[in-house]
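Hi there,

Here is the structure I promised to pass on. Have a look at it first, and then read my notes below.

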Amino acid sequence: MECAVLLTGMLVAFLVSIISIRFLMSFIKKHNFRILGWYRIALAAAAAIYFGFIE
């Protein structure tokens, strides 16, 4: 019984990873990383402000 649950979980994780990788590869081919760059800069600034006020 436990083996069936483990195998089912492994199969679902494998299928979801294949779908995710295919989606991300097609997204990368159609778009650039500019929005990701701005997101990371904004997140870093927010983290610096947040952690700067804590100390």
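A search of the whole structure turns up 2 aromatic pairs; rings of Phe, Tyr and Trp (its six-membered ring) pair if their centres lie within 6.5 Å, with planes under 30 degrees apart called stacked, over 60 edge-to-face and the rest tilted. One of them is Y50 with F51: the ring centres are 5.1 Å apart and the planes sit at 75 degrees, so this pair is edge-to-face. Y50 and F51 are both exposed (exposed is over 50% relative accessible area, buried under 20%, partly exposed in between, with a 1.4 Å probe and protein chains only).

Before you go further: this is a predicted model, where local features need pLDDT of at least 70 and side-chain atom pairs count only at pLDDT 80 or more, while totals for chains, interfaces and linings use all residues. Residues are numbered from 1 along each chain as its sequence is written, and side-chain values use heavy atoms, leaving out hydrogens and water.

Now the overall picture. The protein has 2 helices and 0 strands (DSSP runs numbered from the N terminus: H or I of at least four residues for helices, E of at least two for strands). Its radius of gyration is 19 Å, whereas a compact globule of 55 residues would have one near 10 Å (taken over C-alpha atoms; the globule rule is 2.2 Å times the number of residues to the power 0.38). The C-alpha atoms fill a box of roughly 50 × 35 × 5 Å along the principal axes. How many of the residues are buried? Of the 55, 0% count as buried.

There's also a nonpolar surface patch of about 1,100 Å², and F23, F27 and Y39 are among its members. Patch residues have over 30% relative accessible area and no salt bridge; nonpolar side chains (Val, Leu, Ile, Met, Phe, Trp, Tyr) are joined within 5 Å, like charges within 9 Å. A salt bridge means a side-chain nitrogen of Lys or Arg within 4 Å of a carboxyl oxygen of Asp or Glu. Helix 1 (2-30) and helix 2 (34-54) each give at least two residues to the patch, and the largest share, 6 residues, comes from helix 1. Y39 belongs to helix 2.

Last stop: T8, in helix 1. T8 is partly exposed, at 48% relative accessible area, and a polar atom of its side chain lies 2.7 Å from the backbone oxygen of A4. From T8 to G52, 44 residues along the chain, the C-alpha atoms are 46 Å apart.

Cheers

Methods:
Areas by Shrake-Rupley, 256 points an atom, 1.4 Å probe, with all protein chains shown as cover. Polar contact = N/O pair within 3.5 Å; in protein donor to acceptor, adjacent residues only side chain to side chain.
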